[in-house]
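Here are my notes on this structure. Please keep the sequence and the 3D view open while you read them.

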Amino acid sequence: MMKLEAWTPTFNPNEDSPIFPSWVVVPELPWHFYYMELLTVLLSPEGKALHLNLASFQKIRGSVAKIKIQIDLTKPRPHHVWLGFDEDQNGYGRWLEVQYENIPQYCLYCKHLDHNSHDCPIRRKHEENKKKKDQNAAEGYQENQ
């Protein structure tokens, strides 16, 4: 799969970027909050807001806002955001649920999409090679005794 992304000084063509655009759904967000200026601030803990889907932009689906954001797959994703007037979350406001759609897995070992570090075929191969190397070294040591 070919993916177009902005160049960075740390770009490596053999690795997938952990920054991934994904749809985020905010159920029960009042329709009068369906503005990019507000949603950018509201969803900043999740990632950079890119754009609203058409139904949210036109405010024709008043019970759910859907926003495309850039998510860093290496970081935990909060499942709630605070919609309120104070940063202490003590006053007027409420927690809103955040749902993510089609988030791929990201392997921190080989830095590729679609599997995690536990299931990484490259990590498994490296571990098998290390075991063989250690066994050969142990056998060689025993023969020299």
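How many aromatic pairs does the count come to?

1. The aromatic pair. The count comes to one aromatic pair. Its partners are W82 and W95, with ring centres 5.4 Å apart. The ring planes stand at 65 degrees, so this pair is edge-to-face. The cut-off for that label is an angle over 60 degrees. Bear in mind that the model is predicted.

2. Where the pair sits. W82 belongs to strand β4, which covers residues 80-84. W95 belongs to strand β5, residues 93-97. The pair therefore ties together parts that lie 13 residues apart in sequence.

3. Cover on the two rings. Is W82 buried or exposed? W82 is buried, with a relative accessible area of 17%. W95 counts as partly exposed, at 47% relative accessibility. The cut-off matters here: buried means under 20%, and exposed means over 50%.

4. Charges over rings. K66 lies over the face of W23, 5.5 Å from the ring centre. R77 lies over the face of Y100, at 5.8 Å from the ring centre.

5. Cysteines. How many disulfides does the count give? The count is zero. C110 is in no disulfide, and its nearest cysteine sulfur, that of C107, is 3.7 Å away. C120 also has C107 as the residue with the closest cysteine sulfur, at 3.6 Å. That distance is too far for a bond. The cut-off used is 2.5 Å, because a disulfide is defined as a pair of cysteine sulfur atoms within that distance. A disulfide is a covalent bond between the sulfur atoms of two cysteines.

6. Cover on the cysteines. C110 is buried, with a relative accessible area of 10%. C120 is buried too, at 0%.

7. The overall layout. Now step back to the whole chain. The protein has three helices and six strands. Along the sequence, their order is β-α-β-α-β-β-β-β-α. Trace that pattern in the 3D view, and find β4 and β5, the strands that hold W82 and W95.

8. Contacts and surface. The protein has 145 residues, and 28% of them count as buried. Among contacts with a separation of 6 or more, 55% join residues 24 or more positions apart. The accessible surface comes to about 10600 Å². Carbon and sulfur atoms account for 54% of that surface.

Terms used: Residues numbered from 1 in each chain as written. Predicted model: local features only at pLDDT ≥ 70, side-chain atom pairs only at ≥ 80, totals over all residues. Heavy atoms only, no water. Buried < 20%, exposed > 50% of the residue type's maximum accessible area, 1.4 Å probe, protein only. Helix = DSSP H or I, 4+ residues; strand = E, 2+ residues; numbered from the N terminus. Contact = heavy atoms within 4.5 Å. Areas by Shrake-Rupley, 256 points an atom, 1.4 Å probe, with all protein chains shown as cover. Phe/Tyr/Trp six-rings, centres within 6.5 Å; stacked < 30°, edge-to-face > 60°. Lys NZ or Arg CZ within 6 Å of the ring centre and 35° of its normal.
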